[in-house]
Amino acid sequence: MPTPRVSIDKQTPAAYKQLVTVSAAAKQAAADAGLDRTVVELVNLRCSQINGCAFCLSLHHADAVAAGVTEQQIAVLPAWREAPALYTDQQRAALELAESATELPSVDDADCAYERAADILDAAQISAVTWAAVAINAFNRVSIMSRYNVHPRP
């Protein structure tokens, strides 16, 4: 039987509270930069897909739908590059930048992704998307390392 996991959010609540604060600041930065809420929720979903975080995928699926992301966009998200008509230029630029922040590709690949994003997003938007990706990646790790359970919705 595997060793039970420590829920690090409960074990070290002050650190978790700061992560929640960072996430809220990233969402506010996105709003201040003129990014639609769908952009942040697509970033949350895509990073969580890459990291394999079931808890965050479940949570952010509901948030994404509430923000106006369509079920079709969510279903196709792992292959978003193959369905450009489903996503705005801003959403595609944010997704590419978020994937780069999550996967940490080679410097050359990261530079290409950044340059493509910078063709669409301004400095404030690039910063907001990057912070959103950093925050959800941190939450993914908290959830995965603590083995958060996903419960069926009623």
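User: Happy to start with helix H6: how many residues apart are Arg-92 and Asp-89?

Analyst: In this predicted model, the side chains of Arg-92 and Asp-89 meet in a salt bridge, at 2.3 Å from N to O. Both residues lie in helix H6, which covers residues 89–103. Their spacing is about one turn of the helix, that is, 3 residues.

User: Nice! Glu-96 also has a salt bridge, so which helix does its partner Arg-116 lie in?

Analyst: The closest N and O atoms of Arg-116 and Glu-96 are 2.3 Å apart. Glu-96 sits in helix H6, and the pair ties together parts that are 20 residues apart in sequence, because Arg-116 lies in helix H7.

User: Is Glu-96 buried or exposed?

Analyst: Let's take the two partners in turn. Arg-116 has 44% relative accessibility, which counts as partly exposed. Glu-96 has a relative accessible area of 11%, and the cut-off for buried is under 20%, so Glu-96 is buried.

User: Good to know. Turning to the largest pocket, which helix gives the most to its lining?

Analyst: The largest pocket holds about 210 Å³ of space. Of the 18 residues that line this pocket, the closest to its centre include Ser-23, His-60 and Phe-139. Helices H2, H3, H4 and H8 each supply at least two lining residues. The one giving the most, with 6 residues, is H8.

User: And how many of the lining residues are nonpolar?

Analyst: The lining of the largest pocket has 4 polar and 2 charged residues. The nonpolar residues number 12.

Methods:
Residues numbered from 1 in each chain as written. Predicted model: local features only at pLDDT ≥ 70, side-chain atom pairs only at ≥ 80, totals over all residues. Heavy atoms only, no water. 1 Å grid on protein atoms, 1.4 Å probe; cavity = no way out; pocket = protein on both sides within 12 Å on 5 of 7 lines; lining within 4 Å. Points joined across faces, edges and corners; volume = space filled by probe spheres on them. Helix = DSSP H or I, 4+ residues; strand = E, 2+ residues; numbered from the N terminus. Nonpolar A, V, L, I, M, F, W, Y, C, P; charged D, E, K, R; others polar. Salt bridge = Lys/Arg side-chain N within 4 Å of Asp/Glu carboxyl O. Buried < 20%, exposed > 50% of the residue type's maximum accessible area, 1.4 Å probe, protein only.
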